[in-house]
Amino acid sequence: MPHLRGRLGAGSVLKDYTWFRVGGPAEVLFSPADEADLAYFMKALPADVPVTTIGLGSNLLVRDGGIDGVVIRLGRGFNQIQVEEGSRLRVGTAVPDTKVARAAADAGIAGLAFYRGIPGGVGGALRMNGGAHGTETCDVLVEARAVDRSGEIHVLSVDDMGYSYRHCGAPDDYIFTEALFQGSPGDPAEILAEMDEIAAYREEVQPIKSRTGGSTFKNPQGNKSWQLIDAAGCRGLAVGDAKVSELHCNFLINEGNASAADLEALGETVRARVKETSGVQLEWEIKRLGKPA
């Protein structure tokens, strides 16, 4: 790949890129310079090499043995934010969700303030149909750009994304590079006030200053995960330095030197106890990647 412009390295420790601060190394870590560089790399990469894409690492548990093949992490070349006519915002997928909310507020675009309450970046929001406070990504997305495994670039409408609750139906090998969001005209001061309320709520009820991966389990239909976990007696439960938050028990915390194995074992213990007490099988919302040590 003589014309590659991004950064390519071997053995990068992935715990440096996850909010839990756990995880083994990437066999190869690639940070493309921009979309064209990513497409060039994917086109030249042998088809038998596994590819894993990570974002800002907020909703991610990388196992202690690391990840084989190539791990792609989008960086500066995917950080653009552009205001367009008709209360639209075009952003790169490495942009943090909170910056989307702020840029929209500054531009007087209402309807995107909910992103203030979502940890992580735009790429993860696209892949997970990220949402908060009654609004989801599918409600505001116009279209997304993506690069596939063979290096082809695609533009997908919101209908093409096949969205449902915390799920995207786009092919797994698509790497999202850009999103176009639709808002509505709004007053910047009112939007900022809404964002302040969201931020205050998060700080009050979620352990946002801890090493956590955000909401651990999806809410089952008709239930809230935290209530089921609390009723199962799991608030404050610990495995090593991995602990169920006492502030919000759908959050797992690394209190110091927890391993990925500790966090995953704790999560599976919670799932088993909830199943035993309520009959409900919780589904992981946090993405678990890689192999055990």
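Which side chain meets that of Arg-271 in a salt bridge? Glu-268 does, at 2.9 Å from N to O. The views below come from a predicted model, in which local features need pLDDT of at least 70, side-chain atom pairs count only at pLDDT 80 or more, and totals for chains, interfaces and linings use all residues. Residues are numbered from 1 along each chain as its sequence is written, and side-chain values use heavy atoms, with hydrogens and water left out.

View A. A salt bridge here is a side-chain nitrogen of Lys or Arg within 4 Å of a carboxyl oxygen of Asp or Glu. Helices (H or I, at least four residues) and strands (E, at least two) are DSSP runs, numbered from the N terminus. Arg-271 is buried at 17% relative accessible area. Glu-268 is partly exposed at 31%. Buried means under 20% relative accessible area, exposed over 50%, and partly exposed in between (1.4 Å probe, protein chains only). Salt bridges with shared partners join Arg-63, Glu-264, Glu-268, Arg-271 and Arg-288 into one network.

**View B. Arg-90 and Glu-143 bridge two strands.** The structure holds 17 salt bridges. In this one, the closest N and O atoms are 3.8 Å apart. Arg-90 lies in strand 7 (residues 88-92) and Glu-143 in strand 11 (residues 141-147), so the pair ties together parts 53 residues apart in sequence. Arg-90 is buried, with a relative accessible area of 18%. Glu-143 counts as partly exposed at 26%.

**View C. Lys-243 meets Glu-246 in a salt bridge.** The N to O distance is 2.9 Å. Lys-243 counts as buried, at 18% relative accessibility.

**View D. Tyr-115 and Phe-181 make one of four aromatic pairs.** Rings of Phe, Tyr and Trp (its six-membered ring) pair if their centres lie within 6.5 Å; planes under 30 degrees apart count as stacked, over 60 as edge-to-face and the rest as tilted. The ring centres of Tyr-115 and Phe-181 are 5.4 Å apart and the planes stand at 50°, so this pair is tilted. Tyr-115 is in the loop between strand 8 (109-110) and helix 3 (122-128), and Phe-181 is in strand 13 (residues 175-182), 66 residues apart. Both residues are buried. Ring pairs also link Phe-114 with Tyr-115 and Phe-181 in a cluster.

**View E. Phe-217 and Trp-284 pair between two loops.** Their ring centres are 5.1 Å apart and their planes at 55°, so the pair is tilted. Phe-217 lies in the loop between strand 15 (211-215) and helix 6 (225-231), and Trp-284 in the loop between helix 7 and strand 19 (287-289). Phe-217 is buried at 2% relative accessible area, and Trp-284 is buried at 11%.

**View F. Four strands form an open, mixed sheet in the order 1-2-5-3.** Two strands pair if DSSP finds at least two bridges between them. Strand 1 (7-13) and strand 3 (51-54) stand at the edges, each with a single partner strand, so one side of each lacks a neighbour in the sheet. The twist averages 30° from one strand to the next. Axes are lines fitted to C-alpha atoms, for helices over the stretch in contact, and angles run from 0 to 180 degrees between N-to-C directions. Strand 2 (residues 25-31) and strand 5 (residues 67-73) pair in the parallel sense over four bridges.
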